[in-house]
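Q: Please take a close look at one part of this model, a strand hairpin together with its surroundings, and describe the pairing and the side chains around it.

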Amino acid sequence: MLSWVLVICLSLVAVQSQYYSETLPYRPRPVKVTNLHFFMHEFTGITAVQVAQVNITSSDNNSSVPFASLVAVNDPLRTGPEPDSELIGNVQGIALLAGTNASSTQYIDFGFNTGKFNGSSLSVFSRGEPGLAVVGGRGRFMMATGVAQFNPILINATNVIIEFNVTVIHY
């Protein structure tokens, strides 16, 4: 009998202590589409550094970019391809070079520190094909999705300049 009283008392305590909130009507924010255009300037060995590489002893790895290399990047974002164009933010992230043709899987974050999007960023996670998937953001780009199309402008032994055209859907 005592055990039944304890079971009933405990069940009443659990019911009375549940979290309660009043339901509010859903009011979605309007969807915004923003098109961005900027340039990433990379300086090999300075803003892009190889942090890990697999130890391959095979002679099959004839690529200029070693198979299974992990590269950390912290590159400036500028308004133009010129090295003295306006600095608008930076790119931080990692790239895993996992193909013999220098293909890569990348996680990068475009952070903006001037203008309308100051303090906002876009997160990209995708294979290094012509378009990178925008998978999120913060600040003005909260809950962002979209695509970042890129076009290499300059690639040489020490510098890489890549043009980005980004279409972002956000709230």
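A: Strands β8 and β9 form a hairpin with 3 residues between them, where strands are DSSP runs (E, at least two residues) numbered from the N terminus. The model is predicted, so that local features need pLDDT of at least 70 and side-chain atom pairs pLDDT 80 or more, while totals for chains, interfaces and linings use all residues. Residues are numbered from 1 along each chain as its sequence is written, and side-chain values use heavy atoms, with hydrogens and water left out.

Among the side chains, a search of the whole structure finds 8 aromatic pairs, which are rings of Phe, Tyr and Trp (its six-membered ring) with centres within 6.5 Å, counted as stacked with planes under 30 degrees apart, edge-to-face over 60 and tilted for the rest. The rings of Phe110 and Phe164 have centres 5.0 Å apart and planes at 70°, so this pair is edge-to-face. Because Phe110 lies in strand β5 (residues 104–112) and Phe164 in β9, the pair ties together parts that are 54 residues apart in sequence. Both Phe110 and Phe164 are buried, that is, under 20% relative accessible area (1.4 Å probe, protein chains only). Phe110 and Phe164 belong to one aromatic cluster, which also includes Phe38 and Phe150.

Conventions. Two strands pair if DSSP finds at least two bridges between them. Helices (H or I, at least four residues) and strands (E, at least two) are DSSP runs, numbered from the N terminus. Buried means under 20% relative accessible area, exposed over 50%, partly exposed in between (1.4 Å probe, protein chains only).
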